[in-house]
Amino acid sequence: MKIVAVFINLVFFLLLAPFLEGVMRKITARVQSRQGPPLYQPYLDLLKLLRKENLVSAENWAFRLAPLLAFASMLAAVAILPLHGQENILSHEADLMTLIYLLTLSGFSVLIGALSSGNPFGSVGASREMMTIIMLEPVLAMTIILGAVRNGTMSLPGALQGVASTESFSYFLMLAVYLLALQAFVSRQPFDIPEAEVEILEGPYIEYSGPNYALFRYTLNIKRTFYAWLLAGGFLSFLRPANLFLDLLLQTALIILLFGLISVVGATHPRFRIDQAIKYYALLIVLSLLAVGLGVSGL
Amino acid sequence: MWLWNKIKQLAISWKSGVVTLRYPFEPRPAPAGFRGQPIWDHTKCIGCAGCANHCPARTIFLRDICQEIRILLYDSSRCTYCGRCADLCPEKAITMGDHYELATENRPDITQTIELFMMTCQRCGRCYDLEIKNSLDKLHTLGYRYDSLEVGKVSRQNTAEFSPDLLEKTKTYERPKQLEK
Amino acid sequence: MNKKEFLAGLLKDKLGSDFLGQEVSSDHRLFVDIEKEALLPAVKLILEQGGRYQVGISYDDRKNHQSFALIHTLAFDRDGLLVALRAFAPGNNPEFDSITPVVPGAGWSEREYHDLLGLNFKGHPNPKRLVLSDDWPEGIYPLRQDVPHDLMPPSAEEVAFRLEQAPPGTSVIPFGPFHSSLHEPAHFSVYVDGEDIKGCEYRGFMTHRGIEKLGQTELTYNDVPFVAERICGICGSVHSTNYAQAVEAAAGLKIPQRAEFIRVVILELERLHSHLLWLGVAGHLIGFDTVFMQAWRIREKIMWLAESLTGNRKTYGLIIIGGVRRNITKEKAEDIRRVLQEVEKETLTLEKAIIKDKTIHKRTRGVGYLSKEDAIKWNLVGPVARARGLDIDVRRDHPYAAYDELKFDVPVAETGDVWGTLVVRLKEIYEAIKIIRQCLDKLAILPENEPLALELEGPIPAGKQGLSVVEAPRGEAVHYVLTGEENRPERWRVRAPTYPNLQAVPDMLLNNKLADFPIIVGSIDPCISCTDRVMVVELRERRVRIVARQELEKISRKMRLGR
């Protein structure tokens, strides 16, 4: 069962992630009075990209390695997540530090790819992405660390259970901070600054095409799913039904709901400038530190 | 305030509903009076060349191939669908159709040719003289990109006033080498 | 004494023997011939009187006078007067004094004629190539009369525009020639320090179609409106109306009243759809695609209306010299009223939803700021100028068609930024609706079977000048026509509103963030095809060169790291 749990995790995320993008596109289209593509469109997009020729525009290994590294580390990150609140076979090797590390690694792979491409738009995108990572990773880390502090354990199932302990004030503060940061975590408007199509033409991904780009797209989709899952499987895990199947169903429903919210917010905001976003992120960091402080002092 | 604005924005979308059409799957007919592809009625055409003389895009070509037969050729690949030909036709032989899906790989699909049998003048025996430079001949010699609708390609020719040594200069002109860094 | 007589007297006094003559024309136009040495002092004199520089016009007149002519036109907006100063330079040594040091907005006109007619401008601060492609051979000036319109010099490879060096401490971000925020080819080489824009250089004119040359060599008077309409994909009617007005002015024609009102209806419909289009594009450029879609949804109603009125969504093809081609009947007028009511209501809803949105304010306020003084310096026109406190509108100041019988306001904002432009454009939507309603009321009174176009009596006399201005959605468009032989204009000059506005963009960009580049450039609603309309039939040989993929990558690499 402990081995199967890993596979269930992987299959859950791999299958769900493109569908959620479809949901997002459909809802965005609805807000914009459009028909929108069918829900399964992202799967077709990915398949089409994967079948295309891999154009490598920079002659260095970092450029080729970056998408693989990004995808692999993201897969590893979702593989070690506890399923149904239980630890799996990897849980002994991986604690919450590993999770944070893997997520950061995935983000940095995008940076490496962008910088090694030598494209000026890529460099601008990379510098924006870098600022975003520096400002946002602490918020994520604080969220999980708060759980670890509460439960006094570094293991993932324990820490995530700690995240969901609703009896304290810090839980609600952290939940608010997380919800405020969610739009930035999933890099949708107003926080899709590193990609900003009209300014820097998808920034970090500008030189990527075909399967390499498909991997980046897939990584981004799984990343978005993960951040939504953290709310469903972390903050709201006290709702968890006893049956594993029902649990997955509930999580899916919650995640879809969240994506609906993300799409609506995304469709009703213009993009911020990076300097405006940084101020917002800074506020989030301060609030999340405050939440951890409260958590440490038992509130 | 912020939330109220967002709700107002969402309300607009809610009220208007989905407005995009499933276009290629569902046809969208053009309204009455639409200027689509011009269609020649060969029974009405008298071969006066009014359309050919006034076509701003010069897409209509007229030529007598023998004493009795006059050819009208319309190549829509450059047509701007202004409808000037239909306006000016004295016999109302041209109607602007409502067909607008004209993209094709095959040029004859959008080309119209009419063979007109002309009467000969009882007095002089001919109606139209090919040798004399008249405005119809000019249509052939002047023009735009592919000047000759007859051969359907660019004919690189120059107006009479252009001095030949200037053209020579363009041929032998030494191009600047790549710019130094 | 009216302004025209006063100016003519003043020029005669100050220039003395350099004043050569004055053409008989209407009260609103002053055509003066002067010696070429007097051009700079005369322009200075008129600027001192409060003139606004419009455009330079030049043509090859070696056939008649063995000389090249150069005309500078200036506008007096308060007095409804346009002044055109014409000077001649000998055909073998076409040199004029540059007026760019006095009027920076004249820089492009002069560079253009250096490229196209081989005129030299003494003292021009930046005499770089502007219009011709980089591989066009030196010494061939396509607008000269001995060069055929279809001349195709062979193309050259490895020739590139010599861009300026980036200032120290900055790096170059190339916006263009193809970039998703520029909807037409243009190249901005933007110098950035981190995210701050420290300067930029513009290289445009990549889509020359040789329309002016075509009009002067191939087309006839009544062909040109249909080609003029294709100068721009958004304000096509503006150009065809403007051209027709210039010819009518030169020939002294007065078109039927009904045609005048129909022209106004069409022009204002065009303004409606253009403003809604711009509102949408502005939303898109700041990443707010919902505004884009909703504005375009409203705009679509106007497009369909135009389709049923004129026979096409965009290229209306309604204008001919002497009038219009289609009538607006009672039933059509009812259609228009119905659509206008819907559009007005929906625009109001959209405006209420976005006008107080803090997030939009954040992206537009203080962005692309230009002071009123700079706006005057660069001769800005249209909503871009009105957003900077310049109260100019050709419809009110130099009324044409039926505008002198209509009542409307000219919205002006003082903020001097993109936000001001947005507010001005939004308000103009309601003004346009107001104007169309007045026109429909007037049309209902006029007899419906009145002829729509004049029957021309005899040919249009040669050698007459006509100058016409029309307020396009983006600002003032200027057309100049010098009538010629063979039923076609001798010279036809088009100046689109983007022409002056684009020259000021480097100043607007300065010290803004890189992220604001799209909305700043977008705020002037640059119509590259209008600006590039002119000149040369630049037909490259359609040589197919097969490039191996690796080679292609190498080339692109080299170009990217080259600078």
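Predicted model: local features only at pLDDT ≥ 70, side-chain atom pairs only at ≥ 80, totals over all residues.

Trainee: Which residues does A:Gly234 touch, not counting residues up to four places away in sequence?

Mentor: A:Gly234 touches A:Leu160, A:Val163 and A:Ala164 once residues up to four places away in sequence are left out; contact requires C-beta atoms, placed from the backbone, to lie within 7 Å. Residues are numbered from 1 along each chain as its sequence is written, with chains lettered from A and ligands numbered from 1 in the order in which they are written.

A:Gly234 sits in helix H9 (residues 210-235) of chain A. Helices (H or I, at least four residues) and strands (E, at least two) are DSSP runs, numbered from the N terminus. A:Gly234 counts as buried because 21 other C-beta atoms lie within 10 Å. The cut-off for buried is 20 or more other C-beta atoms within 10 Å of the residue's own, for exposed 12 or fewer, and partly exposed lies in between, with C-beta atoms placed from the backbone. One of its contacts, A:Val163, is 71 residues away in sequence, yet the C-alpha atoms are 6.0 Å apart.

Chain A also meets chain C, in a contact that takes 25 residues from chain A and 27 residues from chain C. On the chain C side, the elements giving two or more residues include strand S8 (171-175), helix H8 (257-285) and helix H9 (289-310) of chain C. H9(C) supplies the largest share of that side, five residues. By type, the side of chain C that touches chain A has twelve nonpolar, seven polar and eight charged residues. Here Ala, Val, Leu, Ile, Met, Phe, Trp, Tyr, Cys and Pro are nonpolar, Asp, Glu, Lys and Arg charged, and the others, Gly among them, polar.

The largest nonpolar core has 273 residues, of which C:Leu39, C:Leu85 and C:Val247 touch the most other members. Domain 1 (3-131) and domain 2 (254-370 + 399-455) of chain C both contribute residues, so this core lies between them. Such a core is a set of buried Ala, Val, Leu, Ile, Met, Phe, Trp, Tyr and Cys residues joined through C-beta atoms within 7 Å, and the domain bounds come from an automatic or database domain assignment. The centres of the two domains of chain C, taken over C-alpha atoms, are separated by 34 Å.

C:Leu85 belongs to strand S5 (residues 81-90) of chain C and is buried because it has 21 C-beta neighbours inside 10 Å. Beyond four places in sequence, its contacts include C:Ile34, C:Leu39 and C:His72. Strand S1 (residues 19-23) and strand S2 (residues 29-34) of chain C pair antiparallel over four bridges, where pairing needs at least two DSSP bridges. S1(C) and S2(C) form a hairpin with five residues between them.

Finally, confidence in chain B: its average pLDDT is 70, and 65% of the residues score at least 70. Residues 127-147 of chain B stay under 50, as do residues 175-181 of chain B.

Terms used. Contact = placed C-beta atoms within 7 Å. pLDDT = per-residue confidence, 0-100.
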